[in-house]
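User: Hi! I'd like to learn how to read aromatic contacts in a structure. Could you walk me through them?

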Amino acid sequence: MIASRALSLVGRRAISTSVCLRGHGVAKVEDYALPAYFDRRESPLPDTTFVKHLSSEQLALKEKEKGSWAQMTDVEKLALYRISFNKSFAEMNTGTQEWKSVVAGVFFFIGLTGFVVMWQRKFVYGDVPPTFTEEWIAAQTQRMLDMRMNPVEGFSNKWDYENKEWKK
Amino acid sequence: MSAGTLAKPAMRGLLGKRLRFHLAVAFTLSLAAAAGFKFSVTEPRKQAYAEFYKNYDAMKEFEAMREAGVFQSVRPKGQ
């Protein structure tokens, strides 16, 4: 039962052509199972040619290819190239403008997140602790100066103890 | 076939060439970074500490802190 469930996922047609018709002859090969053409920089020679069904001119060209190549014109050589390949390396390597869309999308969603965060700050979070009030911070700062925190280069260094004010 | 043939590209020594170039660049930049840090951060910092402790009176600072009431072991003079 499990096997039949698995078979139904794969596809009735594929199973029937490959399994059930074994008695009748060779299994029919679907297009996607044949060697495919691709334009890829790291794999320069694809498994098959680009043009699979040659027109009569292209067939004639292929016959001419069997002879001496020096007698072929540049146009004919280019036509032969285009039979075998879809894009040249230069064409295949050109960049797209896709990065602009990507950057735009990134900025857009960051902005959207900003709205979400603002809403959250207003409607979800409670009040901030009392240690953030003006009076508390003032008393805190005075205590930091009293105990001479970072007197050489840091906090207390910026305070003028003679005149009781921040150094200019 | 074409008007002129291309020059044969370099086939060997590519890694060596790249390493020689980038090693020199890396050394130079590292030395520059270290020198920059030394003269913009460590030397000024040493100066600042020297200046601070040149005329530093520890007892005076202690009395000032005591008056401000930050210690637990000694109270301000009044109490």
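User: How many aromatic pairs are there over all chains?

Analyst: A search of the whole structure turns up 10 of them over all chains. Rings of Phe, Tyr and Trp (its six-membered ring) pair if their centres lie within 6.5 Å; planes under 30 degrees apart are stacked, over 60 edge-to-face, and the rest tilted. Take Tyr81(A) and Phe85(A): that pair is tilted, at 5.0 Å centre to centre with 45° between the planes. In chain B, Phe62(B) and Phe71(B) also pair up, and because their planes sit at 35°, with centres 5.4 Å apart, the pair is tilted.

Before we go on: this is a predicted model, where local features need pLDDT of at least 70, side-chain atom pairs count only at pLDDT 80 or more, and totals for chains, interfaces and linings use all residues. Residues are numbered from 1 along each chain as its sequence is written, chains are lettered from A and ligands numbered from 1 in the order in which they are written, and side-chain values use heavy atoms, leaving out hydrogens and water.

User: Which residues form one aromatic cluster?

Analyst: Phe155(A), Trp159(A) and Trp166(A) do.

User: Where does a charge sit over a ring?

Analyst: That label needs NZ of Lys or CZ of Arg within 6 Å of the ring centre and within 35 degrees of the ring normal. Here, the charged end of Arg40(A) sits over the ring of Phe38(A), 4.2 Å from its centre. Arg148(A) lies over the face of Tyr161(A), 4.2 Å from the ring centre.
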